[in-house]
Amino acid sequence: MSPLTLNTLIAASGLATGRAATPELACRAIDEAREKAGMDRVGCVLLFLSQEFAADIRPTLTAAARAVGSTQILGCTALGLASDEDWVLDGPAAAALVLAEGHGFALTGRAGPDDLLLTLAAPNAINSTWLAAPGRRFGGVAGDATGHGPYSVFSGGRERPDGHGDHRLLGLEGRVGVSSGFRPLGRPMAVSAAHGFDLLGLDGMAPLAALMRSLPLDGRDRQPPESQLALIATAGTVAATEIIGLLNIEPARVTTTRRLAVGESVQWAWRQPLHAELEMDLMLGELAQGAAPPAFGLMFSSAGRGPGFYGGEDRDWLSFRRHFPGVPLLALYGNGQVSPQHPQAIQDNAAVVGLFWPH
């Protein structure tokens, strides 16, 4: 079945909150999703759990497998989570997406270059070799806001000892989009001096001087907060929308999250809520263009985005509900996002959205 045609109900979501991270809480979320879908048998369960579950995930996975009569359970813990019903960023919670038999995500050891792969990873499992392997990855990084707290990634009803997993689509086809939330500033500039991860010059100017020149005239009296700034790669061998994070800003030196080569073209960017909201809205519209309503959606958002970024409400979540009313959604807030648009990089402060239809 093509995304251009209507589909039958193959998915439903459930959300449960409580005072303690117990196996019963996860089972409540699964049961709610099964009841919505009217499913006696479940093909696959995608389960996102709050970080309180990470200390000992095994009893929860055992209870979930018994509840659905299957070990086809995958997911991770995260700082926060959401369904199409609500979002939760404080306290124990579980969100589940159940899929009908013949549809789901299966762990894969090998993938072709065009295969779309749902990727879940722990912060300490990230490495360039794995990310550069064949496949078009999308997903998120488990853990708390710092990336140093407890976390768990699981597939096949078991915790992953290697901390990550790539999952191919079964009976599904999907489309994935990303919103970085960064507004480009000024014009592209050439790296004129760099050493290691330190950017030392742009167009022959000190980095901070180049930044201030790129700001709007009415904003040059103060430097934006470091957490709201980034660089965008605008030419070369990387995608034009690659966001390069900043670790430290000094007048004569900026430390970046990847090495920059002399002659490479980059542009300053500023993370702003209004731009992020508009970008997300546009991306969702383009993602679903020409297609029937999706069977379900997945969203991987940054812990630095969401309600804290938008002043108390998650406008990305609201935008999804506005574009796709009644469509089941499962989402998590993590400390890194993976998208096919940036196959060898972990993004931050982004929102990655996948839409899925029966195949």
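Guide: A residue counts as buried when its relative accessible area is under 20%, as exposed when that area is over 50%, and as partly exposed in between. Ala303 has a relative accessibility of 31%, so this residue is partly exposed. The model is a predicted one, and every value here is computed from it. Ala303 sits in a loop, with strand S22 (296–302) on one side and helix H6 (306–309) on the other.

Arg183 belongs to strand S14, which covers residues 182–184. The C-alpha atom of Arg183 is 9.6 Å from that of Leu274, a residue 91 places away along the chain. Once neighbours within four places in sequence are set aside, the contacts of Arg183 are Pro216, Trp268, Ala269, Trp270, Gln272 and His275. With one of these, Gln272, there is a side-chain to side-chain polar contact at 3.3 Å.

Ser50 falls in another class. With a relative accessibility of 3%, Ser50 is under the 20% limit and therefore counts as buried. Ser50 is part of strand S2, residues 44–50. The side chain of Ser50 makes a polar contact of 2.7 Å with the side chain of Glu52. The side chain of Ser50 also reaches the backbone nitrogen of Ala93, at 3.0 Å.

Asp203 is not a glycine, yet its phi is positive, at about 50°. The loop that holds Asp203 runs between strand S16 (198–202) and helix H4 (207–214). Asp203 has a relative accessible area of 34%, so it is partly exposed. Asn349 is likewise not a glycine and has a positive phi, of about 65°. The loop of Asn349 lies between strand S24 (337–338) and strand S25 (351–358). Asn349 has 14% relative accessibility and therefore counts as buried.

Of its 359 residues, 54% are buried. The secondary structure consists of 7 helices and 25 strands. Among contacts between residues at least 6 apart in sequence, 76% join residues at least 24 apart. The radius of gyration is 21 Å, which agrees with the value near 21 Å for a compact globule of 359 residues. Along its principal axes, the C-alpha trace spans about 65 × 45 × 40 Å. The accessible surface of the chain is about 15,000 Å², and carbon and sulfur atoms account for 52% of this area. As for charge, there are 27 positive and 35 negative side chains, and the centres of these two sets are 3 Å apart.

Note on methods. Residues numbered from 1 in each chain as written. Predicted model: local features only at pLDDT ≥ 70, side-chain atom pairs only at ≥ 80, totals over all residues. Heavy atoms only, no water. Helix = DSSP H or I, 4+ residues; strand = E, 2+ residues; numbered from the N terminus. Rg over C-alpha atoms; globule rule 2.2 N^0.38 Å. Buried < 20%, exposed > 50% of the residue type's maximum accessible area, 1.4 Å probe, protein only. Contact = heavy atoms within 4.5 Å. Areas by Shrake-Rupley, 256 points an atom, 1.4 Å probe, with all protein chains shown as cover. Lys, Arg positive; Asp, Glu negative; His and termini not counted. Charge placed at Lys NZ, Arg CZ, Asp CG, Glu CD. Polar contact = N/O pair within 3.5 Å; in protein donor to acceptor, adjacent residues only side chain to side chain.
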